[in-house]
Amino acid sequence: MKILVCISSVPDTTSKINFTADKSAFDKNGIQWVINPLDEFALTKAIKLQESQGATVTVVNVGDAGTEAVIRKALAIGANDAVRVNSEAKDSFSVAKEIAKVAQDGSYDLILMGKESIDYNGGAVPGIVAQLLNIPFVNATVGLDVNGSEATAVREIEGGKETISVKLPAVVAGQKGLVDEKELIIPNMRGIMSARTKSLQVVEPSNSEVKVEAVSFDSVAPRAAVKLVSADNLDELVRLLHEEAKVI
């Protein structure tokens with residue numbers, strides 16, 4: 001079985017987010033980049049299938065050379081090889097087109113990825129990839145078993161969970177719960193050293209069409225200062241909740 005895992009390079013959640021002076025772009029200076037956490041759940045699941053079923057795992061990333069450190073981490077976690085599409089990730093459609101091309105050329109049985117990236121939270125790439133390839137798609141997956149040419153997936157729906165089966169090849173978009181958090185793999189020295197010798201193929205983009213363009217960015221409003229009210233001063237608390245917080 002051949003598995004393709006799609007990974008995004010995203011800012012670490014502890015990074016301070018800033019924009020350029022004209023607010024036209026994200027300021028990348030001083031940012032620590034990591035594997036998109038939801039993609040990491042997908043990658044860990046792929047490694048488990050690699051161990052249990054002898055699957056080969058390829059990771060794919062759409063990005064410039066600056067994403068290669070994140071790709072090498074994915075290789076250190078256990079992926080067999082990697083493909084980087086040498087193109088800046090500009091919108092969901094162009095990214096999905098490149099992933100679909102890699103998936104089609106490689107004839108993969110299973111395409112795994114997070115249901116969304118934590119930077120833009122678009123959540124559109126998995127569905128577009130499935131549509132472009134004309135194969136089944138399961139979103140918000142919290143459980144996955146593969147048996148031959150069929151996969152059984154558990155996904156979250158409003159008010160509960162749904163178990164469905166799909167024929168492979170298929171696109172499965174995972175989230176927290178696809179594997180347990182304690183199962184996420186931290187690369188050891190052996191993995192880090194082996195990642196240096198694994199194949200990382202760089203391919204040029206096949207598609208330059210971008211359908212969405214960001215016009216401007218705005219930071220969220222800073223949090224207001226906290227006001228402490230004595231537990232004995234209920235009248236003042238009620239006044240603040242009514243006049244300032246306007247919740248009563």
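Helix α3 (residues 92-106) lies across β1 (2-6), β4, β5 and β6 (110-114), at about 165° to β1. Helices (H or I, at least four residues) and strands (E, at least two) are DSSP runs, numbered from the N terminus. This is a predicted model: local features need pLDDT of at least 70, side-chain atom pairs count only at pLDDT 80 or more, and totals for chains, interfaces and linings use all residues. Residues are numbered from 1 along each chain as its sequence is written, and side-chain values use heavy atoms, leaving out hydrogens and water.

**Helix packing**
- Helix α4 (residues 125-133) lies across β6, β7 (137-147) and β10 (170-174), and runs at about 160° to β6.
- Axes are lines fitted to C-alpha atoms, for helices over the stretch in contact; angles run from 0 to 180 degrees between N-to-C directions.

**Sheet**
- Nine strands make up an open sheet of mixed pairing, ordered β9-β8-β7-β10-β6-β1-β4-β5-β11.
- Its edge strands, β9 (160-167) and β11 (200-203), each pair on one side only.
- From one strand to the next, the twist averages 30°.
- Two strands pair if DSSP finds at least two bridges between them.
- Strands β4 (residues 56-63) and β5 (residues 81-86) pair in the parallel sense over six bridges.
- Val59 has Ala82 in β5 as its bridge partner.

**Ser94**
- Ser94 sits in helix α3.
- Ser94 is buried (under 20% relative accessible area; exposed is over 50%, partly exposed in between; 1.4 Å probe, protein chains only), because its relative accessible area is 9%.
- Ser94 touches Asn207, Glu209 and Val210, not counting residues up to four places away in sequence; contact means heavy atoms within 4.5 Å.
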